[in-house]
Amino acid sequence: MTAEEALNQLKEGNSRYVKGDIKHPHTDIQRRDELTGGQHPFAVILSCADSRVVPELLFDQGLGDLFVIRVAGNVAKDKVIGSIEYAIKFLNSKLIVVMGHENCGAVSASLSNADPGGHIGAIIEKIKPAVYMSKRMPGDHLTNAIKVNAQLVSEELKDSKPILQDAVRSSGVKIVSAYYNLGRGEVEFMD
Ligand SMILES: [Zn+2]
């Protein structure tokens, strides 16, 4: 499947989800059996760990369809990038989606200057550039920061050497950012 076809498949699945016309494909015993020997997910999704943002549900996909990495604020660090590289290099996925979402708590925490303690600060620090960059944008600061954060992570992945950068330049891999609207259930693709 090409990146374009993969993107269309996600858009179609999300459109079914928005309308409440879900198919829950690829969830039967037959599919489970078929996948025992290997997987060929058509898309990689980097999304937030937020319990309301479940890629398989909101794109109406099933077992073996999506390679999903979920981490608060959908930020990319070494282990996240390594996971994505694995899907691209060994599972042959052609599309990577970095998806932020409405009312993201991680981005919201990054907007405030409170120190939450523990390891949470590492996530918040990673989001700060998006908070600064979106400061003077018209509209709601939180929404803008969430969108800019997804775009920055997407750019970071495109520049990640050597595997992802090469994959984008010469293997037809596409990296896009997206914004998930919690209330409508709609995913807006930004680039
Ligand atoms: Zn979130």
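The largest pocket holds about 190 Å³ of space; a pocket here is an open set of points on a 1 Å grid over the protein atoms alone, where a 1.4 Å probe fits, with protein on both sides within 12 Å along at least five of seven lines. The volume is the space filled by probe spheres set on the points, which are joined across faces, edges and corners. This is a predicted model, in which local features need pLDDT of at least 70, side-chain atom pairs count only at pLDDT 80 or more, and totals for chains, interfaces and linings use all residues. Residues are numbered from 1 along each chain as its sequence is written, and side-chain values use heavy atoms, with hydrogens and water left out.

**The pocket lining**
- Val71, Val75, Lys77, Asp78, Lys79, Val80, Ala122, Ile123 and Lys126 line the largest pocket, each having an atom within 4 Å of a point.
- Helix H4 (78-90) and helix H6 (120-133) are the elements that give two or more residues to this lining; helices are DSSP runs of H or I with at least four residues, strands are runs of E with at least two, and both are numbered from the N terminus.
- By class, the lining has five nonpolar, no polar and four charged residues, where Ala, Val, Leu, Ile, Met, Phe, Trp, Tyr, Cys and Pro count as nonpolar, Asp, Glu, Lys and Arg as charged, and the others, Gly among them, as polar.

**The zinc site**
- Cys48 (SG), His101 (NE2) and Cys104 (SG) coordinate the zinc ion at 2.1 to 2.3 Å; donors are N, O and S atoms within 2.8 Å of the metal (3.2 Å for Na, K and Ca), and sites may look incomplete because water is not among the atoms.
- Cysteine 48 sits in the loop between strand E1 (43-47) and helix H3 (55-58) and histidine 101 in strand E3 (residues 95-101), so the pair ties together parts 53 residues apart in sequence.
- Cysteine 48 counts as buried at 5% relative accessibility, and histidine 101 counts as buried at 0%; buried means under 20% relative accessible area, exposed over 50%, and partly exposed in between (1.4 Å probe, protein chains only).

**The nonpolar core**
- The largest nonpolar core has 20 residues; such a core is a set of buried Ala, Val, Leu, Ile, Met, Phe, Trp, Tyr and Cys residues joined through side-chain atoms within 4.5 Å.
- H4 gives the most to this core, with five residues.

**Lysine 174**
- Lysine 174 belongs to strand E4 (residues 174-180) and counts as partly exposed at 31% relative accessibility.
- Lysine 174 and lysine 94 are 80 residues apart in sequence but 6.3 Å apart in space, C-alpha to C-alpha.
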